[in-house]
Amino acid sequence: MITIGNCSGFYGDRFSAMRDMLEGGRLDVLTGDYLAELTMLILGKDALKDPTTGYAKTFLRQVADSLDLALQRDVKIVSNAGGLNPAGLAKAIEALGTSAKVAYVDGDDLRGRLDSHPDALTANAYLGAFGIAHALDSGADIVVTGRVTDASVVVGPAIAHHGWKRDSYDELAGAVVAGHVIECGTQATGGNFSGFMTMSPQARARPLGFPVAEIAVDGSSIITKQDETGGTVTVDTVTAQLLYEIQGPLYLGPDVTTDLTSIRLEEVGIDRVAITGVTGTPPPATLKVAVNSLGGYRNSVEFVLTGPDIDAKATWLRDQLDAELPIGPDYTWSTYRIPAPDSPTEEGAACILRLSARAADADAVGRALTAPAIELALATYPGFHVTAPPGRPSPFGIYKPAYVRRDRAPETVHLPDGSTYEVPAPLAYAEASPQRPQTFASPAFGVPVGSLRSVPLGDLVYARSGDKGGDANLGLWVPQGRPDAAVEWLLRTVDQGWVRQLLPEAEELTIDITRLPHLRGVNIVIHDLLGEGVAASTRFDPQAKGLGEWARSRFVDIPEGLL
């Protein structure tokens, strides 16, 4: 067994977590995930200003604080914090003057090499875990990478420890699932968890502990956390993370295709959840590439509407501005914060009407947008005011996925002794279109027949949501302790029409639904809900983080016997 901890789920996560994890208990490897689609855009802008940057600077500061302790405790550190410049990060770590042996993995950076996106700000293929494994096998104390898959920082150490081969598909798939669970840090221990009210006051009072995966030679694992830390690890917190940002029954990776319908979860102790039964098949022949391009500039103005006649006030303002705004930019109006009736506070009686604009030219969404809006201050609806003074336009990026042959992105390991190693290609590949149509057999729990009650969906299910480029992911599941018959109701009820009624914003969008009976839930992908990705989206919740909780607040008809 190998014990692998996580200390970061995003660029900006808790700074003290690296040292906390090293001091908190026995680990073989400590990993950190610092990259997301939006992060790559941020690092791309950094690199434009200074080509020697392009990596997660926070990670370097954490290593400067904690690397000596890691060496003392014989804990390896593996992270994708190298971003666009893993070589630069490795050099900066070596400059700290420790005795650590530093290796890095690159080959993912395809800037200027994609015919379909010649001017991309960033273009990074998602590499796998065998380069990380080779670096560890070669004696590296710390391995930094460019864009590998989030789970690869966990899978790589497991490969090195257990000696798995390219065709150890079930074992690799099991490690991918463990890596997917812990790569987002405290989301596996109660963070962003619909069932947070079931956590004890003590668990919520302390900072949530970061997760740990104990991975066995057969690829099975136990998800846990260190003692004396906050949060909790249950089947439901693990399920929440498993349903986060997936897109179908098959989880495609550079090393293995993981069958998500094969996952089995079991609570085997306090804060200990076993993951077993995971199966895998060969990976796809192509690599996914995350492409970020500069899309132009955007700006917005938020108007406050208060008291009676909200709709009429909004219509009058829009009519006035529509006549004055220049033609050319892409304008979006959105309303949020519905006023409370008979509110005892002014803020409760108000809502926000937001005007957003995007254009290729900054001037088109600068004073050309804000001046007409502010000039109406004394000439429009009663109670006019805005949430903040007019701001300057800011650049935004556009995310698009692409796919390339494996030989376009050779996975290369740079070892501490100065030598390099190119990772061999997989032994076999999946079919060209490996996502198979899903069949569904009823679990035969039996749904009680009786009257229906209109209640918030959250009275029966938990949810977790997030972004995958321009698509939104929504996982819904029936938590432990609630009737098994409710699982059948959910699996049979959720279809495209039901989702469109539940979430009217998705009414005209393409929707994919994956049923996952063993996880007691469904995964829903709403295509293009987020437009051209988080950096370009003008949606109120551009990363769809609150989408699940909105869904849980919506009233649906549920058989009384399930409640």
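Q: What makes Cys351 count as buried?
A: In this predicted model, Cys351 has 1% relative accessibility. Buried means under 20%, so Cys351 is buried.

Q: Why is Cys184 called buried?
A: Its relative accessible area is 14%. That value also falls under the 20% limit, so the label applies to Cys184.

Q: How many disulfides does the structure hold, and how do you know that Cys184 is in no disulfide?
A: The structure holds 0 disulfides. For Cys184, the nearest cysteine sulfur belongs to Cys7 and is 13 Å away.

Q: Why is the pair of Tyr381 and Phe384 called tilted?
A: A search of the whole structure finds 6 aromatic pairs, and Tyr381 with Phe384 is one of them. Their ring centres are 5.6 Å apart, and the planes meet at 50 degrees. Stacked requires under 30 degrees and edge-to-face over 60, so this pair is tilted. Both residues, Tyr381 and Phe384, are buried. Ring pairs also join them with Phe303 and Trp333 in a cluster.

Q: What makes the pair of Tyr462 and Trp477 edge-to-face?
A: The planes of Tyr462 and Trp477 are 85 degrees apart, with 5.8 Å centre to centre. Centres within 6.5 Å make a pair, and an angle over 60 degrees makes it edge-to-face. Tyr462 belongs to strand E22 and Trp477 to strand E23, so the pair ties together parts 15 residues apart in sequence.

Note on methods:
Residues numbered from 1 in each chain as written. Predicted model: local features only at pLDDT ≥ 70, side-chain atom pairs only at ≥ 80, totals over all residues. Heavy atoms only, no water. Buried < 20%, exposed > 50% of the residue type's maximum accessible area, 1.4 Å probe, protein only. Helix = DSSP H or I, 4+ residues; strand = E, 2+ residues; numbered from the N terminus. Disulfide = S-S within 2.5 Å.
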